[in-house]
Amino acid sequence: MVDSKTLLEMLHVAERLKDTPRHCVTSRGRRESVAEHSWRLALLAFWVRDAFPDLDMDKVIAMCLIHDLGEAFTGDIPVFDKTDADSAREDALLGQWVESLPCPVRERMQSLYAEMDALETGEAKLYKALDGLEALIQHNEAPLSSWAENEYDLQMTYADDRVGFSAFLTALREQVRADSLRKIQKEKDPDCPKDF
């Protein structure tokens with residue numbers, strides 16, 4: 001059990017994510033925070049739990065909630081700009097912080113991060129796939145004026161390699177891709193109906 005002082009200190013670190021902007025933009029054109037992404041990712045996992053009856057969905061939701069905590073120390077770097085050095089720095093800072101936490105929280109988080117990094121379990125694969133899909137969905141909701149040039153291609157290919165283990169996720173990815181294509185077509189032809 002974590003004492004109240006330590007719990008508050010942990011929450012203060014996590015609170016930084018509320019003020020840590022992501023590359024993604026909301027439907028109203030505001031930069032989303034890392035905390036908002038993590039919350040909706042966890043919500044997405046909660047809503048798809050029936051499609052994965054053999055998985056420990058509480059574990060998946062926990063992975064979703066903690067997956068970007070390292071960005072409390074480094075900020076968000078878009079996937080297409082993030083270098084191996086950036087990832088190593090984020091991992092090191094996060095690792096130092098997690099190491100400072102009391103048992104059993106430290107051990108639970110270290111175990112989750114190790115499983116997430118290995119990407120061998122169904123739970124880790126699902127969290128990773130949903131993480132990529134949530135970012136794509138957010139881009140579809142954002143104004144096209146917020147898209148970087150390379151994101152037109154990324155909307156067509158990103159996370160394809162993450163969803164193949166599940167027919168449900170593959171179908172969801174195809175729907176997200178179709179939404180992207182409609183959004184792009186709408187930009188080219190403003191008279192084209194918007195279906196989402």
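Axes here are lines fitted to C-alpha atoms, for helices over the stretch in contact, and angles run from 0 to 180 degrees between N-to-C directions. This is a predicted model, so local features need pLDDT of at least 70 and side-chain atom pairs pLDDT 80 or more, while totals for chains, interfaces and linings use all residues. Residues are numbered from 1 along each chain as its sequence is written, and side-chain values use heavy atoms, leaving out hydrogens and water.

**View 1. Helices H2 and H3 pack together.** Helices are DSSP runs (H or I, at least four residues), numbered from the N terminus. H2 (residues 34-47) and H3 (residues 57-66) pack at about 165°, with axes 8 Å apart. That makes them roughly antiparallel (angles over 145 degrees).

**View 2. Who touches whom between H2 and H3?** Ser 38, Leu 41, Ala 42, Ala 45 and Phe 46 in H2 meet Met 57, Val 60, Ile 61, Cys 64 and Leu 65 in H3 (contact means heavy atoms within 4.5 Å).

View 3. Phe 52 sits in the loop between H2 and H3, and Phe 168 in helix H10 (residues 167-188), 116 residues apart. Phe 52 is buried, at 9% relative accessibility, and Phe 168 is partly exposed, at 38% (buried is under 20% relative accessible area, exposed over 50%, partly exposed in between, with a 1.4 Å probe and protein chains only).

Conventions. Helices (H or I, at least four residues) and strands (E, at least two) are DSSP runs, numbered from the N terminus. Angles under 35 degrees count as roughly parallel, over 145 as roughly antiparallel, 65 to 115 as roughly perpendicular and the rest as oblique.
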